[in-house]
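The sequence and coordinates are shown first.

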Amino acid sequence: VVRRHLLQRYEHQPFISCLAGFYSCRWKRYQRRRTEPGKCCCKTRECVFFPLLVGAFCFSLLFLYMWGEAKNDYNNFDWYNYGNLGFWFLWSLVLLIVAAILFTYITLLLVLAMCLLAEGQQLYLHWSHKIGTFLVLGFSITALFILSVLWGDQWKTVRLSFQITAPYLHIGAITIMVLLSWPVALHAIRADKKVVQVVIVGPYLAILLFLFLIPLGMYSPCIREMGTLGPKPALIGHRGAPMLAPENTEMSFQKTIEHRGDGLETDVTISYDGVPFLMHDSTLRRTTNIKEVYPNDTAQNAALFSWDTLKELNAGMWFLKDKPFSCMGSLSRADQNQAMNQSIYKLSNFLRLADSQNKLVIFDLYRPPEKHPYRNSWINRTLEVILNESGIRPHLVLWLENDMRSFVQSVAPGFQQTMGSKAPVEDLVMDNIVKLNLAYTEMSSEDIRKYAEANITTNLYVVNEPWLFSLAWCSGAHSVTTNAVHTLKNLSQPLFLMTPQQYNIMWILTDLTSVLLISLIFAL
């Protein structure tokens, strides 16, 4: 019997050697120490680093989750950095890769620590891993702080994501608690005092009970009875289809139409000689070849150029060079050639295209800078193009600009008056508002339902990710502005849609299975 036990222990050593080697760089058996019954799992100095390791894991997980859910807005992040750095780069993707690598590293260290604890080994974190732990902890906290200061609305996205991911995060958390039950049970049994056992098992059971009951407070509009889901939201192409073609160009809007988008969104600026054209940025630097043609005018406001100058600029080469979206894919040779030859698009041509295809249009109208000839007549000039030059049917125009709204209603009563912010229903009805155009972070199924009862529909912008579109669908949104018409059109139903009965079964089965497994582990 003694020989068999010795042989089993000897055969078990290579596994422990690997664990201790990767965690502590202690590959030799004489370098390791077993935890004595009733004693701490590590020396006093090491007791400080283990909580730091757990903290680094928690903060890196939080940052990775936050940044992973922020994918919907990566283009905004890269555009912000472009404005500060002066060149385009996919910083968002780099940050995601770094976050994933650091989280993977710290997770492996924590798994090794848990395995060593389960084997009754004392913990000793090698100095290089201690430095790595500090780096992960410092990077995660710093990144979370900077993003919170510069991009605080992203936490609203995280909160929205919980309405989709919470049921699955609950299962993941329960699974982790089941895995932790082995080292907890092992050290509780080895403890020689009841107080120590309570200190070990008490917090574990408290957290477990909290996780068992947390679904009682969960809410998700995608957990709903059969037959209560509304129609799929209409898809409005944000600056066309900017993942498939240069934004705000004829090709981009043609791609939206090709992929059966329901509407077109754009940005309107007025040239120095009074020609409304499509441009999102205040300068021409990012989306044209102004740097090559007029290198001394790259910082000049786009509205200060004449149309004769603007129409000669190339508005497509930048798209092939910078690849503004990480998930663009490759373009066909024909699409590449077409993109290379795009120019700045006039508002009148844009409206004619939309009218010919029976597409809704919505646009942000930018007031020209001071000393511009149309500084005070910008709305009149835009209305003149819409009503007299384009020939678009008025009901296709979602009028968003709030200045001079009463005047616009008097000269163009057929426009669908659209408001860019929430307001009391009574005020919206008084102003003849028929649609709200809201940032997706303001999504609320209760508000959407309240406005719908007053025949006011809701459009959410900018919604690119399938999970976010699914949440908008379940919340009752009537339309969304998106960069990804070509992918969202393929969704036949919301992701993560389930009935309350299906969710209750999933919740109860998860809890019962975990109770059974944890009970068996403690009993053994």
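This is a predicted model: local features need pLDDT of at least 70, side-chain atom pairs count only at pLDDT 80 or more; totals for chains, interfaces and linings use all residues.

The buried residues of helix 3 are Y74, N75, F77, D78, N81 and Y82. Around the axis of helix 3 they cover an arc of only 160°, which places them on the same side. The spacing follows a general rule: an α-helix has 3.6 residues a turn, so residues three or four places apart point the same way. On the face of helix 3 turned away from the buried side are the exposed residues G83 and N84. After helix 3 comes G86, which has a positive phi, near 90°.

**Cysteines**

The count of disulfides is one. C222 and C474 form it, with their sulfur atoms 2.5 Å apart. The torsion about the S-S bond of C222 and C474 is about 105°, so this disulfide is right-handed. C222 sits in the loop between helix 7 (194–213) and strand 1 (234–238), and C474 sits in helix 18 (residues 466–475), so the pair ties together parts 252 residues apart in sequence. C222 and C474 are both buried.

C115 takes part in no disulfide; the nearest cysteine sulfur, that of C18, is 11 Å away. Buried residues have under 20% relative accessible area and exposed ones over 50%. With a relative accessible area of 26%, C115 is therefore partly exposed. C58, at 42% relative accessibility, also counts as partly exposed.

**Cavities**

Five cavities of 30 Å³ or more are counted. The table gives the volumes of two of them.

| Cavity | Volume |
|---|---|
| Largest cavity | about 120 Å³ |
| Second largest cavity | about 70 Å³ |

The lining of the largest cavity has 14 residues, and those nearest its centre are K71, Y74, F325, S326 and C327. Helix 3 gives the most to this lining, with three residues. By class, the lining of the largest cavity holds six nonpolar, five polar and three charged residues.

Which residues line the second largest cavity? They are E247, N248, T249, L278, M279, H280, T287, A315, W318, S343, I344 and Y345. This lining of the second largest cavity divides into six nonpolar, five polar and one charged residues.

Technical notes. Residues are numbered from 1 along each chain as its sequence is written. Side-chain values use heavy atoms; hydrogens and water are left out. A disulfide is a pair of cysteine sulfur atoms within 2.5 Å. Helices (H or I, at least four residues) and strands (E, at least two) are DSSP runs, numbered from the N terminus. Buried means under 20% relative accessible area, exposed over 50%, partly exposed in between (1.4 Å probe, protein chains only). The arc is that of the directions from the helix axis to the C-beta atoms. On a 1 Å grid over the protein atoms alone, a cavity is a set of points where a 1.4 Å probe fits but cannot get out, and a pocket is an open set with protein on both sides within 12 Å along at least five of seven lines; lining residues have an atom within 4 Å of a point. Grid points are joined across faces, edges and corners, and a volume is the space filled by probe spheres set on the points. Ala, Val, Leu, Ile, Met, Phe, Trp, Tyr, Cys and Pro count as nonpolar, Asp, Glu, Lys and Arg as charged, and the others, Gly among them, as polar.
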